[in-house]
Amino acid sequence: YLPCGGDDATCSGHDEGILQEGAAAAPRGRILVMDDEENIREVLGEMLDFIGYGAEFARDGAEAVDLYAKCLGSADPIAAVILDLTIPGGMGGKEAVEKLRELDPGLKAIVSSGYSNDPIMSDYRTFGFRGIITKPYKLTELKKVLSEVLGG
């Protein structure tokens, strides 16, 4: 879901604190989003921007690992990753998190999927993830999981 515009009356049911925070919030770090669907990456990027995070994007696990490795030693490293569990024809979240944890044992990874019945979704910590978010994304859930994973 994208944040709504307009006055508070048009936004009933949304978390008022998130609406007040808006895009003017100070940047909190960069989040690497790995998803094979471009529209998912775009929507999630807009949501992250709205709650004060920068976003980097990868289409599959191999691209995510390469991008994370390039940013690891930089002055502006990736704060957390959101990895789609299933990538048809490519490296998905389960394999990607293993490779990313080899690069960075302190990796802050969030697993994402629309399939809530996958065993990884119910036992995500066993597989190296620190958080979980299900599709379709909700702004309040995204903000909450990032806060929990990033310790803020």
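**View 1. The whole chain, element by element.** This is a predicted model, in which local features need pLDDT of at least 70 and side-chain atom pairs count only at pLDDT 80 or more, while totals for chains, interfaces and linings use all residues. Residues are numbered from 1 along each chain as its sequence is written, and side-chain values use heavy atoms, with hydrogens and water left out. Here you can find six helices and five strands; helices (H or I, at least four residues) and strands (E, at least two) are DSSP runs, numbered from the N terminus. Starting at the N terminus, the order is α-β-α-β-α-β-α-β-α-β-α. Of the 152 residues, 41% count as buried, meaning under 20% relative accessible area with a 1.4 Å probe, protein chains only.

View 2. Strand β1 (residues 30-34) and strand β2 (residues 54-58) run parallel and are joined by five bridges; two strands pair if DSSP finds at least two bridges between them. To get your bearings, look for Leu-32, whose bridge partner in β2 is Glu-56. Together with helix α2 (residues 38-50), β1 and β2 form a right-handed β-α-β unit. Right-handed here means that, with the strands pointing away from the viewer, the path from the first strand over the helix to the second runs clockwise.

**View 3. The buried side of helix α4.** In α4 (residues 93-103), the buried residues are Gly-93, Ala-96, Val-97 and Leu-100. These four lie on the same side of α4 because they cover an arc of only 100° around the axis, taken from the directions from the helix axis to the C-beta atoms. They pack against β1, α3 (61-72), β3 (78-84) and β4 (109-113).

**View 4. The largest nonpolar core.** A nonpolar core is a set of buried Ala, Val, Leu, Ile, Met, Phe, Trp, Tyr and Cys residues joined through side-chain atoms within 4.5 Å. Among the 24 residues of this one, Leu-32, Val-81, Leu-83 and Phe-129 touch the most other members. Two or more residues each come from β1, α3, β3, α4, β4 and α5 (119-122), and α3 gives the most, with five. Another core, of 19 residues, lies apart from this one and includes Leu-44, Leu-48, Phe-50 and Leu-142.

**View 5. The surroundings of Leu-83.** Leaving aside neighbours within four places in sequence, Leu-83 is in contact with Met-34, Gly-93, Ala-96, Val-97, Leu-100, Ile-110, Val-111, Ser-112 and Phe-129. Contact means heavy atoms within 4.5 Å.

Conventions: Buried means under 20% relative accessible area, exposed over 50%, partly exposed in between (1.4 Å probe, protein chains only).
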